[in-house]
Amino acid sequence: MKITAIGATGKVGTPLVRGLLERGADVRVFVRDPGKARAVIAAGDMPGRLGIVPGRLDDLAAVRAAFSGVDVGFVALGPTGDQRPLQEGVIEAAGQAGLPHLVRLSVFSTGHHSLGLNQRAHAELDDLVAHTGLPYTSLRPALFATSVLDAAEEIRRTGGWTGAAAHGRNPLIDPRDVAASGVSVLLDPAWWGRHHELTGPALYSWPDVAALLTRELGTPIGFRAVDGAALRAAALARGLPEINAETLVARERAVEAGENERLTDTVRALTGSEPRSLAAFLHEYRDVFVPQWEAA
């Protein structure tokens with residue numbers, strides 16, 4: 001199987017490319033920084049063949065060339081902000097190149113009427129793919145377990161973190177399980193032509209996550225609920241771009257409304273393995289959460 005991957009150095013892209021190479025696939029990665037790609041993918045003596053193609057996503061002729069002569073393309077780009085027009089261009093270029101099939105990283109609960117900005121944006125991108133006529137599959141993972149890492153600095157400093165969803169629950173998923181699911185989808189056309197909703201094994205509210213961290217660290221970790229305006233102001237104060245702050249607030253509104261409160265068995269169906277637990281993920285990364293007064 002010959003595959004072109006765009007977004008190959010991200011949380012999902014890197015383990016996905018490595019998984020494809022381990023399965024013997026011929027993978028072409030289109031990247032801005034070839035040196036970074038070589039370092040993070042670290043193909044070594046994997047049985048597959050890695051081709052690194054340098055280029056810019058706004059060079060649509062180069063993108064079309066990257067998609068030529070392969071069986072399937074994988075795209076993992078942001079749906080909003082600066083990456084939105086780049087992803088739109090990549091989709092159009094894939095259609096113009098006659099790509100036989102496109103697999104795109106999307107998001108859980110994608111829909112035009114979601115409270116989440118990302119969910120609405122991905123629904124619009126789905127419409128764009130449909131307009132091109134590209135044969136199409138999407139991976140729709142729940143919120144990544146790595147999102148908890150975004151709160152690590154605040155937890156170390158204050159013993160807790162701030163959000164706007166005190167009750168809604170998420171089926172948090174490890175990005176490595178998303179990558180493993182993507183490998184299975186890309187290599188087996190029997191899985192093509194669907195929207196694969198991917199979740200972790202259990203539902204957690206943010207206070208539930210705080211309780212897991214408390215047990216893991218042996219010291220109280222709290223969650224402080226605030227309204228959306230306060231969360232936005234705090235995000236901007238710590239330097240987040242405005243679109244990121246708006247996306248965070250919208251995400252919390254969608255979570256609190258219960259948009260993500262369901263589980264699927266898709267990871268197990270695709271990979272043959274149960275998804276990793278959140279407790280195991282937090283144990284793996286426990287050192288980044290230890291409050292300063294405990295680490296001293």
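1. Two strands count as paired if DSSP finds at least two bridges between them. Helices (H or I, at least four residues) and strands (E, at least two) are DSSP runs, numbered from the N terminus.

2. A word on the basis. Residues are numbered from 1 along each chain as its sequence is written, and side-chain values use heavy atoms, with hydrogens and water left out. Because this is a predicted model, local features need pLDDT of at least 70 and side-chain atom pairs count only at pLDDT 80 or more, while totals for chains, interfaces and linings use all residues.

3. Strand β2 (residues 26–31) pairs with β3 in the parallel sense over 6 bridges. V31 stands opposite P54 in β3.

4. Now look at β4. β1 and β4 run parallel and are joined by 4 bridges. T4 has G73 in β4 as its bridge partner. β4 also pairs with β5 in the parallel sense, over 3 bridges. There, G73 stands opposite L102 in β5. From β4 the chain crosses through helix α4 (residues 83–96) to β5, and this β-α-β crossover is right-handed. That is, with the strands pointing away from the viewer, the path from the first strand over the helix to the second runs clockwise.

5. Which residues cover the two faces of β4? V72 and F74 lie on one side, G73 and V75 on the other, and all are buried (under 20% relative accessible area, 1.4 Å probe, protein chains only; exposed is over 50%, partly exposed in between).

6. The domain assignment, automatic or from a database, gives domain 1 (2–144 + 173–198) and domain 2 (145–170 + 201–261 + 277–294). Their C-alpha centres lie 27 Å apart. In contact (heavy atoms within 4.5 Å) are 16 residues of domain 1 and 18 residues of domain 2.

7. About 1300 Å² is buried between domain 1 and domain 2, and carbon and sulfur atoms give 58% of that. Buried area is the accessible area (1.4 Å probe) that two parts lose on being put together, summed over both. In domain 1, L115, L117 and L143 lose the most area to domain 2, together 40% of what that side buries.
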